[in-house]
Amino acid sequence: MTDTVIQTEKLTKIFGSFTAVDAITFDVKKGEIFGFLGANGAGKTTAMRMLCGLSVPSGGEATVAGFSVKNQAEQIKHSIGYMSQKFSLYEDLTVYENIRFFAGIYGIERKTIRARSSEMLQRLGLGDQRNTLVGSLPLGWKQKLAFSVAIFHSPRIVFLDEPTGGVDPVTRRQFWDLIYEASDNGITVFVTTHYMDEAEYCNRISMMVDGAIKALDTPANLKSQFQANDMDEVFYRLARRAKRKSY
Amino acid sequence: MKTLIFLLEKEFHQIFRNAIILRMIILMPVIQLIVLPLAADFEIKDIKLVVVDQDRSSYARDLINKITSSGYFKLVDCIISTEQGLEYIESDEADVVLEVPPRFERDLIRERQQEVYLYINAINGTKANVGGAYLSQVIHDFNGEIRAEWRPLPSQRSSPKIEIVSNNWFNPLLNYRVFMVPGILVLLVTMIGSFMTALNIVKEKEVGTIEQINVTPIKRHHFVLGKLIPFWVIGMFVFSIGLLIVARFLYGIVPVGNLLLLYGYLALYLVAILGVGLLVSTYSQTQQQSMSLVFFIMMIFILMSGLFSSLESMPPWAQVMARVNPVTYFIEVMRMVVMKGSEFKHISSHFLVMIGFALLSNFWAVFNYRKTN
């Protein structure tokens, strides 16, 4: 299919004798919000790092935006945005300096950066924080800023690794508004989370247990399949079967 | 190219926002250049001397006068018993004890020869060595004077004698600082260059920002250049403060040779030494690791560089080590150009070696830096 942006085929990552990701196969469509769920240590971050070209797979194959993760990792990097679990803007640079730096290394012109960043900051309500050091912003604002920086260069796919960890419910809600906005603009969103209410916001969800995908469907279908009232229950039913200790 | 400018812009913003680094850049060369050369002075003065004079004759008194008037010795006490003299050494109150035996004058006249004894406190090796040598020299002179005084036979007068007149080139007064300051300048840029580069990159690893960089299409050599250029500029700046301001106005050292040649070599040297910092950063995950690693390497580089001890007196294996050490070459170049005014043709082999070091450390580092793992 032409509008498939991520496709994996038995994608595997082995660290020594430990199989972190065990032959996962799935695909993600253009414009979709794809929830990637699993307990701590289920292998979500490892899988995501392989898709971003940060980690070389031990086996299987995957294409992201039409490029192979095995030998075209650098091409993939042009087409994706990434927001890691660790907050990863420079705390000792101002809001604007961060935007300019990350936009600049994706090859965006200075003039464009200037115009689009003021528009973006207005929208985020950070208009008068332009010259504030990022380190002194509250966490919720930092996360929103990090997301906006990750999609500033209009990537085809954005990968979010637990983007709302440690953030209050109101800010989380606002964060999801940003995600919907990006999705409306045609950006595919690949997101991991621990919050089951957030899982409900996704178009489709995969559940990872012990490195393998144990379920994959829309939230509604998953609930009926597991005869559960909400996503929490679905998660418990699946995660309880895990053999691996969470670490 | 554009990417590189964005990278440099970011690095300089971060460096200039860091108050500690800024202070280090300005204050370190000034303070180190003021303190170290003053302290690293191998000329020995005020050697504590105790004289055990068991003779109390006029010759003995002449000898003691001659020693104390040389200016190198400080007479702590003049006593009679040897045991008491040795106690002075044990309590570290004396560096040298000179014993003039009883009947020194009488035997000297009667038997034409006599012995004096030296006890040297060798806890401080250098001081003991130099003190002993000074004292022997003074006694030797004294010996000559006595001979001249007696000179019984005219034939002795015509006995052949070789006198050595030495002339110290390039540093006529044997001023220790002229010799040390250029070396300490090398040490300074070496430390700043290697530590700052290594720590800077590893900090990005620790904070996690390097992951964000690795997920962008940034080229490896762009990233590496973006890290090297700022510290290269800082290295040049620190060196200039040291050479053109502190060395000139505080020590009156004006390079005899061509400044351009010196800076050319510095430029190359900085690339090599920043490459070492870079290399360390690719092997370490935390700032603590990189700190220990750089410290270890730099300790060896500096101690084996001929800055504090002369290369020629090292054992052969150590000389080999000194020859695979970039610091050695820069110290040689510094001393040659600053003191002697050497020209390019004299140090062309040094240039070649340094190009080798620069290529080795940087290619190794770029090769070892992985965007993916």
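This report looks at one strand and several ring contacts in a predicted model.

## Strand β3 of chain B

Start with strand β3 (residues 96-100) of chain B: 5 of its 5 residues are buried, so the strand is largely enclosed by the rest of the structure. In a regular strand, side chains alternate between the two faces of the sheet. Here B:V96, B:L98 and B:V100 sit on one side, B:V97 and B:E99 on the other, and both faces are covered.

As for its partners, strand β1 (residues 47-53) of chain B runs parallel to β3(B), joined by 5 bridges. Within that pairing, B:V52 has B:E99 as its bridge partner. Strand β4 (residues 117-120) of chain B pairs with β3(B) in the antiparallel sense, over 4 bridges, and there B:L98 stands opposite B:L118.

## Aromatic pairs

Over all chains, there are 24 aromatic pairs. One of them is B:F12 with B:F16, a stacked pair at 6.0 Å centre to centre and 15° between the planes. B:F12 is partly exposed at 24% relative accessible area, while B:F16 is exposed at 51%.

B:F239 and B:Y263 are edge-to-face instead, with 5.6 Å between centres and 90° between planes. This pair links distant parts of the chain, with B:F239 in helix α9 (residues 220-251) and B:Y263 in helix α10 (residues 259-283) of chain B. Both residues are buried, and ring pairs link them into a cluster that includes B:Y265, B:Y269 and B:F330.

## Charges over rings

The charged end of B:K10 sits over the ring of A:F101, 5.3 Å from its centre. Within chain B, B:R323 lies over the face of B:Y329, 5.2 Å from the ring centre.

Methods
Residues numbered from 1 in each chain as written. Chains lettered and ligands numbered in written order. Predicted model: local features only at pLDDT ≥ 70, side-chain atom pairs only at ≥ 80, totals over all residues. Heavy atoms only, no water. Buried < 20%, exposed > 50% of the residue type's maximum accessible area, 1.4 Å probe, protein only. Helix = DSSP H or I, 4+ residues; strand = E, 2+ residues; numbered from the N terminus. Pairing = 2+ DSSP bridges. Phe/Tyr/Trp six-rings, centres within 6.5 Å; stacked < 30°, edge-to-face > 60°. Lys NZ or Arg CZ within 6 Å of the ring centre and 35° of its normal.
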